[in-house]
Each structure stands twice: as structure tokens, then as C-alpha cells.
Amino acid sequence: MEQNEVILQMVDICKAFDGNQALDHVNFELGAREIHGLLGGNGAGKTTLMNVLYGLYKQDSGDILLKGKKLRIASPRDAIRNGIGMVHQHFLQINNWSVVQNVVLGSSVQNKWTMNLAPEVAKLQKLCDRFAIDIDLQVEVGELPMGTRQKVEILKALYRGVDILILDEPTTNLTPQEVDALFVSLKVMVDEGLSIVFITHKLREVLSVCDRITLLRNGKNVTCMPRSEANEETLVRGMVGEDLNVKDSVIFSKEIREGTKIDEVVTPVLEVKGLRHVTEQGIERLKDVTFSIHPGEIFGIAGVAGNGQLELAETLVGVQSKAGGTIKYNGRELNMVTAELLQQGLTYIPEDRLGDGYLPKVNVAQNLILGAQHKQPYSKNGFIDWRKVFEASWEMIKEYNIKTSGPKDTAANLSGGNIQRVMIARAFSHVGDSLMLAHCPTRGLDIPSMDFVYKKLLARKMQGYATLLISEDLDELLLLCDRIGVMYRGELVGILHRSQFDKYEIGRMMSGVKS
Amino acid sequence: MDQILHEVAFFLKQMMLTMVPFILAAQGTMLAGRTGVFNVATEGIMLTTASVGFIIAFQSNSILLGMVAAMLVGGLFGLVMAYMTTSLKLNQFVIGLAFFFLGTGISTLIPKLIFGVSLVQPVIPTLQNLPIPLLSKIPFLGDIFFNQNILVYVSVLVSLLLYYFLYRTSFGLEMRSVGENPKMADSLGINVFRQRYVAIIIGCMLIGLAGVYLPMVYTGTFTEQITKGRGWLASALCFFGGWRPLPILYGSLFFAGIEVLAYRVQIGTSAIPYQFLIMLPYVATIVVMVLTFKRSTTPKFLGSNYDREKRTL
Ligand SMILES: Nc1ncnc2c1ncn2[C@@H]1O[C@H](COP(=O)(O)OP(=O)(O)OP(=O)(O)O)[C@@H](O)[C@H]1O
Ligand SMILES: [Mg+2]
């Protein structure tokens with residue numbers, strides 16, 4: 001990229017939360033028509049920096065200059081007025097409102113006194129067409145899958161016609177195809193004069209769209225480099241320092257692993273036959289799903305989000321009821337009237353960490369032991385032994401590298417990735433020898449944490465335990481699984497053994513082509 | 001036949017008259033609730049405004065002045081409450097309960113200070129009926145619906161206006177968003193604090209009007225505990241109506257019906273103990289709540305203060 005004029009500068013920004021220095025003299029610069037990648041591990045301060053720019057946080061010191069002029073941003077309102085828009089890491093949406101209402105809220109609509117939103121709908125439709133976003137605008141947001149909700153969030157910013165667009169991990173909930181579509185849209189926007197700040201943990205994304213990359217670590221600048229100088233290794237090194245031993249890592253390993261040989265005589269840990277699920281509206285979301293998982297196996301479910309993965313997970317867990325089929329655990333059939341599999345010790349990492357797996361208002365320790373509170377060693381004569389809980393929490397915080405001031409920290413204070421680390425720590429600390437069901441376990445994690453999770457999963461496998469891994473990240477599945485079942489419209493269209501793995505073949509199956 | 005018809009007409013007319021304080025108090029509580037502020041001081045505010053409004057009306061010989069005073073006092077309560085919950089971020093329930101006790105105390109203190117302890121109660125003339133021309137001449141229905149005091153019309157009008165405002169204007173959309181997700185509202189440039197201040201103050205003014213209605217229509221004087229729990233029932237009504245103006249209007253009618261019924265039965269017979277009858281609205285609340293609970297909606301952030309720099313997720 002040729003050196004463009006600088007339109008935004010953040011100079012020496014500092015921000016602390018009760019003694020925790022989240023930003024320490026951070027500098028950031030954005031050029032006109034630039035896509036600027038903001039990288040850093042979980043809790044590095046990316047979201048905090050952008051929240052300062054958007055007026056959600058007030059910096060303790062430091063200046064923001066827009067086109068060379070010093071700017072005081074006291075609230076998001078000021079930011080919006082100055083043409084700054086932000087897509088937040090955790091959706092800010094009202095579930096029981098329609099997409100249109102969510103999008104137009106706060107902007108001045110044409111028919112203020114009748115709320116006839118037809119003009120806005122037309123305008124939105126045009127936006128959707130231009131950026132190839134496919135959303136039914138009248139549906140309640142809460143009904144939509146995560147990927148679509150992400151797009152609603154992007155739409156919200158685009159609708160306001162911004163000059164500077166901040167995207168805080170916009171791709172965490174998108175499928176690869178959607179990511180590609182988003183990138184095309186970003187290029188279009190940049191050509192039209194926008195500048196974009198792009199936060200992500202996925203190096204490939206950074207290397208494919210960003211013009212420049214700023215690296216943060218523990219609230220401090222590490223470097224800022226043009227893309228031409230960046231490669232995966234320099235970025236990882238910059239992000240984590242020497243924390244990640246590339247040689248040991250699963251992600252960067254060149255070694256080829258064989259799939260586990262399945263001994264047909266051994267009883268599978270989990271055997272699902274002809275599983276069906278029908279929604280309250282009568283829509284069939286799972287059709288005749290059959291598979292089994294053997295000891296020492298990681299069984300993967302691939303598929304574009306919204307093809308029944310969530311229903312599969314929740315039916316197994318017992319949150320949703322099955323309409324037919326059988327589920328056997330260690331050879332014994334479960335009738336699934338209650339959450340039987342959970343009672344048998346299943347460990348579940350839900351996809352929607354905030355909705356289904358986390359209590360933001362209580363402290364970190366309580367979140368870490370949730371679900372195991374009645375078990376040893378936390379429970380003593382029916383009471384919770386808090387000293388034990390705090391001891392165990394400290395250990396988990398250290399082992400899983402959770403960035404928090406301690407077990408007593410309010411859980412909501414953690415950064416997105418650190419919330420995910422809490423979920424991971426909870427799951428792996430209490431799983432024992434039972435089945436684990438992990439649904440997108442590495443969503444929002446930085447690379448070392450991801451690597452850590454992979455190591456943990458492989459270690460389980462080595463010990464002979466079974467895991468069901470549902471993921472939208474095909475690379476992750478290819479890296480870890482012994483077998484992969486591909487889901488399409490509620491059906492398992494094929495199950496491939498490790499020796500048959502082929503990225504393109506699986507990609508085709510994900511779009512409905514049977515093998 | 002005629003006798004029954006007459007009974008029914010009388011019952012309905014009483015019901016219309018009785019629903020007013022329920023409507024005004026509940027809509028006032030609802031409005032603040034829609035921005036996420038749960039006002040549990042309604043009962044106390046009603047008591048104080050009933051007391052002050054009555055005294056002003058008595059001293060000035062003007063019903064209108066009494067109403068204005070009641071609304072102003074209500075608004076003042078609202079302002080202080082908004083300041084404490086929204087600006088100082090103190091716990092809404094603690095502040096609300098404190099205001100309830102404060103209001104209850106003030107309501108009996110002020111008359112004592114002004115009138116001293118006297119044997120003859122000061123009285124004001126009760127609110128006159130205001131027949132609406134033509135409409136009130138409709139046979140049977142006219143007298144029931146269109147020959148009422150002015151606040152009956154006002155309360156229905158307020159409900160309809162609130163409905164229109166909240167659900168049919170962009171300003172209403174903004175106000176509701178603050179109770180559903182204040183962070184989102186803030187991130188879209190909506191002034192959460194201002195919305196809350198406005199909703200609380202206007203809400204408390206309505207509650208003030210509800211309070212002063214009692215001496216002005218029922219008794220002509222202020223007596224201790226004149227509200228008889230209507231302020232608490234207003235909170236119940238909000239849940240009952242899912243914090244929506246129109247269902248609250250219907251709910252108020254229902255509560256009023258029960259109150260009138262209880263009163264009629266009490267006069268007609270002594271077989272049923274009085275205590276049981278005044279319990280009825282509460283029993284009805286519980287029954288209806290159980291029946292409608294699944295469909296009931298509550299603003300997501302009802303009861304929680306907003307702090308921009310705090311993460312809530
Ligand atoms: N409102 C807050 N109150 C207290 N601590 C906070 C708050 N917001 C952020 N922090 C802390 O500041 C640090 C940086 O958090 P931030 O959310 O900016 O990280 P991040 O780089 O976005 O990480 P992630 O990749 O996990 O989203 C974390 O340690 C976090 O706990
Ligand atoms: Mg973040």
C-alpha cells in the first residue's frame with residue numbers, strides 16, 4: 001500500500017481498571033482507505049482500545065486525533081457523529097425485536113410518528129444486496145443463528161454510513177464462505193473511502209486482508225508492520241513472545257498422525273441411532289442421525305453453522321427433546337427424559353458461551369466450578385468448601401492462563417477470549433473419564449490458547465477417552481479428529497475416516513453433495 | 001329485569017371510577033420500568049401526594065391546584081429517585097423501599113403539622129362528574145362511560161397515548177431499548193441517563209395524580225393508609241400486563257371489578273369476613289400471574305443500573 005494520509009491517531013492511550021493496567025501508553029494509527037489489523041492475545045487490550053475510540057471507555061490519559069485535530073469523545077454519540085462505527089465482539093442486540101428495529105434504533109427514521117419503517121427497510125435491502133448479506137429483516141433477532149446475528153451487527157454499522165469502521169472479531173461466528181464474502185465487502189467499502197480496523201485471532205485472515213498490522217501484548221505496543229513484512233511466525237512471536245514453542249505446538253506441527261484403529265468388539269462410548277429432532281414449529285432439524293464414538297476417539301462433526309449442529313448437541317445434552325431414535329451410553333440405552341447424559345458425567349462446552357455457559361454477575365471461581373459444585377473436593381457435608389474452591393480456582397487460572405485479577409473478580413470483567421478460557425478450564429478440570437462434547441471450543445481464543453486446547457484434547461485421546469467435537473473450523477477438525485461426520489440440513493451426509501480426509505471433498509459435502 | 005340492569009349499570013360505573021388510581025399508578029410504574037428502573041416506592045409516593053394534594057386543594061379551595069401540587073410532588077420524588085439510582089447508581093430496590101417508608105411517613109406527618117390533632121376532619125368537595133355532550137346521552141352506556149369525572153377520561157387517554165408513544169414512535173422505541181439493553185442503546189448514541197430521568201419523573205407525576213385521586217373522589221379527606229395497597233397492586237399490574245400499557249389498562253379494569261365486587265358483597269352480607277374480601281385482589285393477582293406467567297414479558301434490564309465502563313455482557 002502506498003503511504004496514504006493518516007486520518008486517525010491514538011497517542012499514548014492509558015486505561016486501567018481498578019489497578020489492572022489494560023492499556024499502557026498505546027499508540028495506534030489508521031490511514032485513509034486502509035484495513036488495519038489489530039492483533040494480540042486474549043486480554044491484550046484490543047477491545048479496550050477500540051472502546052476508548054468509540055467512547056465507551058474514557059481513557060485515563062492520551063489523545064485521539066482525527067485528521068490531525070484533537071477530538072474529545074465523551075460518548076458513543078460523539079463517535080457516531082464523527083463517523084466512527086463499531087461492531088462489538090459480543091453482540092449488542094435486543095433478542096425479541098426484529099432485525100430492522102435493531103438496526104434503525106437510535107438513527108433518525110423517516111416516519112418518526114408512525115414508525116412505518118418501509119423506507120428504512122428499502123434502504124437496508126439495498127445495503128444487503130450490495131454487500132451480499134442475506135437476512136430476513138422482519139425476523140426477531142433472537143431466532144437467528146449466531147452467524148446471521150453477526151451480520152446484523154455489521155449491518156448496524158454500515159447503515160449508519162461510517163468513515164471509520166471498527167470490527168471486533170467479526171469473523172468468530174462466520175463460516176469460511178461468509179468470511180470470504182465479508183472480505184469482498186470490506187474491499188468494496190475501502191474502495192468507497194472507508195477505513196477499517198479489523199480485530200481477529202486468525203492469522204490467515206490478517207494476512208489476506210490487512211494492509212498494516214499493529215500488535216499488542218499485555219496492554220503495550222509490540223510493533224506495527226506492513227503486511228509485506230508479516231508472516232505467521234513473526235506475528236505469533238510478536239503476540240506471545242516466547243510463550244509458544246512452535247516446535248511443540250499442535251498447530252504448526254508437520255507430523256502426520258494416523259487415525260485410531262477402531263476395535264469393533266469394544267462397546268462404543270456413545271451410540272446414536274436414527275436420532276430425530278423436531279422443533280416446536282414442526283420443523284425437522286435432525287433427520288435420522290446415526291454415529292458412534294469409541295474409546296480413544298475424537299469424532300468430529302463438520303458443517304456450515306445452522307445445519308443441525310446445535311440441535312444435535314442440545315438433544316444429546318437433554319436441553320431439547322428427541323423425536324425419535326436411540327442414544328446409548330457405554331452400551332446402556334438412555335431414555336433421555338431428564339438430562340441423563342449430563343448426570344452420567346458428560347462434559348459439555350456449549351457454543352454460545354455467554355447464553356449457555358457463563359454467569360457474568362458472579363465471580364470467576366463460581367464460574368469455574370459450576371456444575372461440579374456438589375462433587376468432591378468442593379463439597380463437604382452438603383456445603384461448599386470455599387477455601388478448596390478458591391485454591392482450585394487459583395490453580396485453574398494459572399494452568400489455563402486466564403487473565404483475571406483472581407477468583408474473586410467479577411466474571412463479566414474478563415475479555416472475550418478469557419471467558420472462553422474459563423469454559424475450557426471448567427470442562428477439562430472436571431471431565432474425568434467420561435465423554436466430552438465440545439461445541440466450537442476454541443472460538444475467540446488466541447493461537448497459544450488454541451494450541452493448548454488441542455494438546456488437551458489429544459492427551460485425552462491418548463488416555464483412551466472419547467470426545468465429540470462439533471466445529472465450524474475445518475482445519476481444526478482435520479487436525480484433531482479420527483473420523484469426521486459431515487452435517488447438512490440435519491442429516492449426516494457422510495462419515496470419513498482419517499485416511500480419507502480431503503478438505504475439498506468435505507467442503508463439497510458441507511454444501512450438500514453426498515459422497 | 002330492570003332491577004338487574006340497574007345493578008349492572010351501577011356496577012360498571014363504579015368500576016370505571018375505581019380503575020383510575022390503578023391505571024395511573026401502574027402506567028407510571030410501567031414507564032420507569034421500561035427504561036429499566038423498577039420503582040417500588042409507588043405506594044409511598046401515592047400516600048404523600050394524596051396527602052399534600054388534599055391539603056393544597058383544601059387550603060386553596062381549588063381541586064385543580066391540588067392536582068397540580070400532587071403531580072409536582074410526585075415529579076420531585078421522581079427527580080430525587082432518578083438522581084440516586086441513575087446518577088449515583090445506588091441500588092434501586094433499597095432506594096425504592098426507603099422512599100416508600102419516607103412517603104408513608106410524610107403522608108401522616110404533614111396533615112398533623114398543618115391541622116394539628118383535630119376532631120373534625122377537614123373535607124373538600126369531591127370531584128364532579130363531567131358529562132360529555134351527546135355521548136353521555138346514549139341510552140344505558142352513556143351514563144356508564146361518558147358521565148364520569150375528568151380523571152376517568154384522562155386515565156384512559158393516558159393509557160392510549162402511552163401505547164402509541166411506546167409502540168408507534170421512534171422515541172418510544174428508543175425509550176424501550178434502554179430497558180431491554182442499555183449498553184446497546186448507549187452504543188447507538190441514545191442518552192440512557194436522560195431517557196431514565198424523563199421516564200421516572202413523568203411516571204412519578206402520574207403516580208402523584210393517582211394518589212390525589214383517592215381523597216378527591218373517594219373520601220373527600222385524607223386518612224392514614226388511604227391507598228390500601230393500591231401502589232403495590234400497581235407493581236403487580238405491571239407484571240400482570242407484561243409492562244405494556246394496554247394490558248395494564250385491561251388489568252386495572254379487572255382489579256377495579258374485584259374491588260367493587262368486594263365492596264358490594266361486604267355491604268350485602270356479613271357472612272364473608274371483610275378481611276377475606278380485601279385479600280381478593282391479591283389472590284386474583286397470584287392466580288392470574290400463574291396463568292399468564294409464560295407469556296409475560298419483562299424488560300430485560302429491569303432493576304439494574306447502567307454503568308458504561310462496567311461490563312455486563
Ligand atoms: N470493564 C472492565 N472492567 C474491568 N476489567 C476490564 C474491563 N474491560 C476490560 N478489562 C480488562 O482489560 C484487559 C483487556 O481486555 P480486552 O477486552 O481489551 O482484551 P482483548 O484484547 O479484547 O481480548 P480478547 O481477544 O479475549 O477479546 C483484560 O484483562 C480485561 O479483564
Ligand atoms: Mg476483545
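In the predicted model, Asp482(A) forms a salt bridge with Lys461(A), with the closest N and O atoms 2.7 Å apart; a salt bridge here is a side-chain nitrogen of Lys or Arg within 4 Å of a carboxyl oxygen of Asp or Glu. The pair links distant parts of the chain, as Asp482(A) is in the loop between H16 and strand E21 (483–488) of chain A and Lys461(A) is in helix H15 of chain A, 21 residues apart. Helices (H or I, at least four residues) and strands (E, at least two) are DSSP runs, numbered from the N terminus. Asp482(A) is buried at 0% relative accessibility, and Lys461(A) is buried at 8%. Buried stands for under 20% relative accessible area, exposed for over 50%, and partly exposed for values in between (1.4 Å probe, protein chains only).

This is a predicted model, in which local features need pLDDT of at least 70 and side-chain atom pairs count only at pLDDT 80 or more, while totals for chains, interfaces and linings use all residues. Residues are numbered from 1 along each chain as its sequence is written, chains are lettered from A and ligands numbered from 1 in the order in which they are written, and side-chain values use heavy atoms, with hydrogens and water left out.

Over all chains, the structure holds 29 salt bridges. One of them joins the side chains of Glu472(A) and Arg443(A) at 3.1 Å, N to O. This pair also links distant parts of the chain: Glu472(A) is in the loop between strand E20 (467–470) and helix H16 (474–480) of chain A, and Arg443(A) is in the loop between strand E19 (436–439) and helix H15 (447–462) of chain A, 29 residues apart. Glu472(A) is buried, at 11% relative accessibility, and Arg443(A) is buried, with a relative accessible area of 10%. A salt bridge between the side chains of Glu271(A) and Lys273(A) spans 3.6 Å, N to O. Here Glu271(A) is partly exposed at 22%, and Lys273(A) is partly exposed at 46%. A network of salt bridges links Glu29(A), Glu34(A) and Arg212(A).

Rings of Phe, Tyr and Trp (its six-membered ring) pair if their centres lie within 6.5 Å, and planes under 30 degrees apart count as stacked, over 60 as edge-to-face and the rest as tilted. Tyr400(A) and Phe452(A) form an edge-to-face pair, at 5.3 Å centre to centre and 85 degrees between the planes. Tyr400(A) lies in the loop between helix H13 (386–399) and helix H14 (416–430) of chain A and Phe452(A) in helix H15 of chain A, so the pair ties together parts 52 residues apart in sequence. Tyr400(A) is buried, at 5%, whereas Phe452(A) is partly exposed, at 27%.

In chain B, the ring centres of Phe240(B) and Phe255(B) are 5.6 Å apart and the planes are at 50 degrees, so the pair is tilted. Phe240(B) is in helix H10 (residues 230–240) and Phe255(B) in helix H11 (residues 245–268) of chain B, 15 residues apart. Both Phe240(B) and Phe255(B) are buried. One aromatic cluster is formed by Phe22(B), Phe240(B), Phe254(B) and Phe255(B).

Charges over rings also occur in chain A. The charged end of Lys123(A) sits over the ring of Tyr159(A), 4.4 Å from its centre; the criterion is NZ of Lys or CZ of Arg within 6 Å of the ring centre and within 35 degrees of the ring normal. Lys408(A) lies over the face of Phe390(A), 5.0 Å from the ring centre.
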